[in-house]
Structures are given as structure tokens and as C-alpha cells.
2 protein chains.
Amino acid sequence: MPLLELSPSDQYLIASGDTPLLEVWEALPLGLFPPFPPVELPGGLNGLLQRGGFGQTFFFGAEVLGLTLKTPQGRTVQAGGQVVKNVQGYDLVRPFVGSFGALGEAVSVTLRLRPGRASVFLRRPLEPTPEAPSGWPPSYLRERTPPEVGVQPRFLWQHESTLFAFHFGHPKEVERFRQAFGGEVMDSPVDYSRLFPHGMGVGVGPLRDLRFSWADGGAKPPLPAVFQKLASAL
Amino acid sequence: MPLLELSPSDQYLIASGDTPLLEVWEALPLGLFPPFPPVELPGGLNGLLQRGGFGQTFFFGAEVLGLTLKTPQGRTVQAGGQVVKNVQGYDLVRPFVGSFGALGEAVSVTLRLRPGRASVFLRRPLEPTPEAPSGWPPSYLRERTPPEVGVQPRFLWQHESTLFAFHFGHPKEVERFRQAFGGEVMDSPVDYSRLFPHGMGVGVGPLRDLRFSWADGGAKPPLPAVFQKLASAL
């Protein structure tokens, strides 16, 4: 049973670390969204958390409410809680997120779900601009427009020369975003896991989000010494 | 020099851990806001971070971009970066926030600043309700309205039987909030530090926010064993 618990009223889910991302999408009721776009990536939820998320334009760590870890020393450790209000301190969830495996494996994961009455999944060719010949990041993300003025999609990424966006929220806002972004509507999720037969890491590769370029068999960012201490203490 | 660096264009500031909160407010240019309301609390920025913030209705940890720590063993450790984009993993900033001193002291702090063309500071008597005789939390926070429908203030707290709110953002949204909240406009910051001559901790006391009730000489939440390991490793 990869999906262990789903609470639409309290807006969270608990799933095993090996749950594929698209299985989470399939299990969710209409109007609730996970903190990742409708794509498959290597390693399921554990892989996603170890890499610090994918494609998000928000702080991913805040969406991970709790974790059960298997530490590098083989210990099982519980971090965080199950409800949003539990974020009260002593935060060992956040260092795991984006730790590229240095702190171990996520055995189970509690994710915050967010409501939205509408959603849209779009793609369009990436346009080169004079300032950024690659066209990346797009101008409406380079400019720091306050959230109430421009519409920033929840997720934005590039695959080869195509730009993808997934957004959800209030129907009017989603529609405004659809018009501003243009392109064509995607009617099904995308499986990117076949792009990474040797693992998904950081490097020159086919996928790009606001944090990294992602490469097959790519690297882990260099581990700071203090983080190494933490890893060996857990 | 408590305020060490201020970058309005990149929207961050760096200040020493002992900087009083209201000194940060005084140093900021019009239209940029820190992740705390215009109040003074014990221990300056270091105290605020150790307690995990005050009054916020958002994830406070995401607003702390970087830290220089003096660890319990007396080492100096750098965590995080200086710019928003730097949140890429290996996150040792977040465990410090809300650690109630277990991981040491913040020597200097890099905070994200957020823009807003308008702001309002309000207070009104706290109304008891049948479900919650104390009237806390207020009904518009108990209901999970999506952010695009209701207006949730950035900061909300209670002092004795008075409810305080501080909000900033788009002028129209701020005005909508002012009308919804009612009460009267505060025209100056509030100094709460005199309420806590024996230190600000968790317990039955005069101040309350969505996370804790705060008491003079109050306690620290119990330290999980795994966090103790982290503290002794740093």
C-alpha cells in the first residue's frame, strides 16, 4: 500500500517513500493538489524529496509536513508532524528535503495538499530573448511582480526547447494564467523517468527548473562539512 | 553596526543577531517589509529566530535566507545563502529557526524582505464565540479559505483581550482587509519586551499567536532525542 492515508478535510496525505508521483496524482480527489506537477520522475516521493522537489516556484520544504527516515546509520527517525499547525520548531524535516540522500531515505512522507477549484497544464516553445538567448528563466519569472499583480504558475520547467507550466487555484486566476502563458493544453501527465536511466542529478541535461539543470547520472551538489557532521550524527 | 547590509533591489537584509526588531523596521525603505510585525520582543533577531518567529500566518522558516551561527560547542557555522534563489538544498537554516536555542545563537541573519505598496496595523477587542469562548483563533483563520478568496493578514496575534493584525501588499487588498477586520488603526509600533523580564517562552501568558501562548519565563518545547543528537554534533 504505497498511499497510506489521505485526509481531504485536513488537507494532507501520507505515502510510502517509494510511491510513484503519478500514483499520488491518481489517488487525489478533485480539487486537491500535491506539491509537484503531474510528471513522473526517478525514485518516487523519496527521490523527489531528496532532490528538493521539481519545477516549483514556491518554497517546497514548507509543503513537507512530516517524514519517517531511515538514516545513513540504519536508524529509523520520525521528524515533523502530520498537520499544518504542527510546524512549531525543532525542524528536522527541512534538512532532509534537498539533501540528495546524505541524511538517508524517506520511508514515509506526509505532504500538505492545497485546494484549487481549477487547474491547467500547458506547454509552449521556449522563446529566446536578447538578454537570455536560452529564454530561461522566462521574463515573467525574472521580473519580481508581486503575486497579486502578475500570475506566477505553481510549477514551471523546461524540457529540451519546450516550456511547461502547471497552475491551479481560483478559476479566474487559472484562466488569466492560461491566457498570459499561451501555448497548448496538455491533456495527460508526462513520464520523465525514462530520461534518467542512471539517476537524476545536477548537470547539463534535458530538464531544467528554477533551481537546477537536471542530467542523467548527474551529480549531487557538494556536501558542506557541517552537513556531513549532521549526517554522521543521525 | 547591527544592520550590516540592506539590498532593496535584491530584497534582503543582513543584520547582527542582537539587532532589535524595531531597529530593522526603522532602517527599511518604504514599501519593503520584514517577516515580523512592528513590535519589539526579547532578544532581537536571534531571540525571534530561536522562537520561530512571532504572529506570522505563513511559513516563517522560508523567510530566513541565511545565518551565521555560534554552535553550542562554540564553533562558527555558516548556513544558507544570501539570495532567494540559493534555497537549493542542504538546509541547516530551517532547523535553527524554532530551535529555542538548542543549536546555538544567531550571530548574523539574512532575512528576505517582501514588497508591498500599502500596509495597515489594526487592533480590535477579541469577540468571544460560542465554539471558542476565548474567541481564538478568529473565525476567518479557522476557516481554510483559499488565499484568493478571503484576505488573511500577514500577522495576527492577541495581547490580553485585544486582537492585533498587521497586513501589507496591494493597496486594494490591504483596504479590503482593513474593512473586514474593523477596529482601529495603530499609528506606532508596540514594545512587548517589558512583558518578559524573565525571557519569552511557551506557557500561559499575555501574548498569543497561531503557534503558541507566550509567557514570561515560559518553557521551551521538549527537545526530541534526534534534535539533541544534531545539537551535540554541530
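Contact here means heavy atoms within 4.5 Å, and by that criterion 38 residues from chain B and 38 residues from chain A take part in the contact. This is a predicted model, in which local features need pLDDT of at least 70 and side-chain atom pairs count only at pLDDT 80 or more, while totals for chains, interfaces and linings use all residues. Residues are numbered from 1 along each chain as its sequence is written, chains are lettered from A in the order in which they are written, and side-chain values use heavy atoms, with hydrogens and water left out.

When the copies are superposed by least squares on the C-alpha atoms of residues with pLDDT of at least 70 in both, chain B can be laid on chain A with an RMSD of 0.0 Å by a turn of 180 degrees and a shift of 0.1 Å along the axis. The two copies are therefore related as by a two-fold rotation axis, and the same surface serves both, since 100% of the contact residues of chain B recur in chain A.

Chain B and chain A bury about 3400 Å² between them, 65% of it on carbon and sulfur atoms; buried area is the accessible area (1.4 Å probe) that two parts lose on being put together, summed over both. Between chain B and chain A the count of salt bridges is zero, a salt bridge being a side-chain nitrogen of Lys or Arg within 4 Å of a carboxyl oxygen of Asp or Glu.

The residues on the side of chain B that touches chain A divide into 20 nonpolar, eight polar and ten charged, where Ala, Val, Leu, Ile, Met, Phe, Trp, Tyr, Cys and Pro count as nonpolar, Asp, Glu, Lys and Arg as charged, and the others, Gly among them, as polar.
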